[in-house]
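Please keep the sequence and the model in view while reading.

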Amino acid sequence: MLLQIAAKKRLRVDEARKKVPLSEIEKRLEQAEAPRPFYQALLMPGMSVIAEVKKASPSKGDFGLTLTVEELARAYESGGARAISVLTEEDFFKGSATDLVKVKSAVTLPVLRKDFIIDSYQLYESRALGADAVLLIAGFLPEKELRAYLQICDELDLAAVVETHSADEIQMALTAGARIVGINNRNLQNFTTDVNHTLQLAPQIPDNVLLVSESGIESAVDVHLLGAAGADAVLVGETLVRSANPTAKIRELTGRKSA
Ligand SMILES: O=P(O)(O)OC[C@@H](O)[C@@H](O)c1c[nH]c2ccccc12
């Protein structure tokens, strides 16, 4: 599955680069506004929720959103989310770059672009689209490349969440210079999720690195356990998009009325 996603992405990136060359993106970036502070949002006291706009996934199919992406993002903001994640992958998650642009203008929160980044072109593109942060998947990138991408993110003032699945990937992310590490609770072999995955690996994350627990977070109990284990943030998609009231669901998860 991951290989299929990466192969599709390669084609799409090559196409995008033909349409809008890097030199053109760099020109656009001269006029770009300063990014919203993603890292600082996660640093706030208490658990930060990164709420995800997710229309579909390869394992669950279409979630049948009844709200527009703007409405959903605003509902998240009202519930006290501290950042919004927007899935922009087209072929397996039914996302788009347009979704990111729409969400960015609908809220005042920082916005994370969730996609499969396999080419440095996508970092510049993300910044030009208005992303304040990107996801870098450690399992997709050799350490040297990860390090180079993190450096480009620094130059672009783009925050980066480096997603990991194992102790080895965490070590690699830290060596490459990650300041925000994600631990994905989803087993990519069978797509099951287990928040214990974060609880087991959390001790590997030093205090000066922010920890985001990703996937399969369903309840206030999950959030409490993850906070006690040292997570600074949780990344929540399905539980929120399936909820009849995403605003109330975020408040329920954090136990707070606002951000
Ligand atoms: O819907 P969930 O189980 O709350 O998961 C959200 C998020 O963690 C998940 O969408 C995700 C984590 N890493 C990814 C990488 C690519 C696509 C999607 C993801």
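Leaving aside its neighbours within four places in sequence, Leu 129 is in contact with Ala 97, Leu 100 and Val 101, contact meaning that the C-beta atoms of two residues, placed from the backbone, lie within 7 Å. This is a predicted model, in which local features need pLDDT of at least 70 and side-chain atom pairs count only at pLDDT 80 or more, whereas totals for chains, interfaces and linings use all residues. Residues are numbered from 1 along each chain as its sequence is written.

**Leu 129 and helix H6**

- Leu 129 is found in helix H6, residues 121-129; helices (H or I, at least four residues) and strands (E, at least two) are DSSP runs, numbered from the N terminus.
- Leu 129 counts as buried because 20 other C-beta atoms lie within 10 Å; by the rule used here, a residue is buried if 20 or more other C-beta atoms lie within 10 Å of its own, exposed if 12 or fewer, and partly exposed in between, with C-beta atoms placed from the backbone.
- Helix H6 is mostly covered, since seven of its nine residues are buried, and these are Gln 122, Leu 123, Tyr 124, Glu 125, Ser 126, Arg 127 and Leu 129.
- The buried residues of H6 pack against helix H1 (2-19), helix H2 (22-30), H5, strand E5 (111-114), E6 and helix H7 (143-156).
- After H6 comes Gly 130, whose phi is positive, near 110 degrees.
- Between Leu 129 and Ala 178, which are 49 residues apart along the chain, the C-alpha separation is 23 Å.

**The barrel and its pairings**

- Eight strands form a closed barrel in the order E1-E4-E5-E6-E7-E8-E9-E10, with parallel pairing, where two strands pair if DSSP finds at least two bridges between them.
- From one strand to the next, the twist averages 25 degrees; axes are lines fitted to C-alpha atoms, for helices over the stretch in contact, and angles run from 0 to 180 degrees between N-to-C directions.
- Helix H4 (residues 69-79) packs on the sheet, touching strand E1 (48-53) and strand E4 (83-87), and its direction makes about 170 degrees with that of E1.
- Five bridges join strand E6 (residues 133-137) and strand E7 (residues 159-164) in the parallel sense, and Ala 133 has Ala 159 as its bridge partner in E7.
- E7 also pairs with E8 in the parallel sense, over three bridges, and Glu 163 has Gly 182 as its bridge partner in E8.

- E1 is largely enclosed by the rest of the structure, because six of its six residues are buried.
- Ser 48, Ile 50 and Glu 52 point one way from E1, while Val 49, Ala 51 and Val 53 point the other way.
- E1 pairs in the parallel sense with E10 over four bridges, and four bridges likewise join E1 to E4, which run parallel.
- Ile 50 has Leu 235 as its bridge partner in E10 and stands opposite Ala 83 in E4.
- E8 is also largely enclosed, because five of its five residues are buried; Ile 180, Gly 182 and Asn 184 point one way from E8, and Val 181 and Ile 183 the other way.

**Shell around the ligand**

- Of the 16 residues around the ligand, Glu 214, Ser 215, Leu 235, Gly 237 and Glu 238 come nearest, a residue being near a molecule or strand if its C-beta atom, placed from the backbone, lies within 6 Å of it.
- Strand E10 (233-236) and helix H11 (238-241) each supply at least two residues of this shell.
- The shell divides into four nonpolar, six polar and six charged residues; Ala, Val, Leu, Ile, Met, Phe, Trp, Tyr, Cys and Pro count as nonpolar, Asp, Glu, Lys and Arg as charged, and the others, Gly among them, as polar.

**Positive phi in loops**

- Most residues other than glycine have a negative phi.
- Lys 94 has a positive phi, near 55 degrees, and lies in the loop between E4 and helix H5 (97-106), where it counts as partly exposed with 17 C-beta neighbours inside 10 Å.
- Phe 191 has a positive phi, near 65 degrees, and is found in the loop between strand E8 (180-184) and helix H9 (196-201); Phe 191 is partly exposed, with 13 other C-beta atoms within 10 Å.
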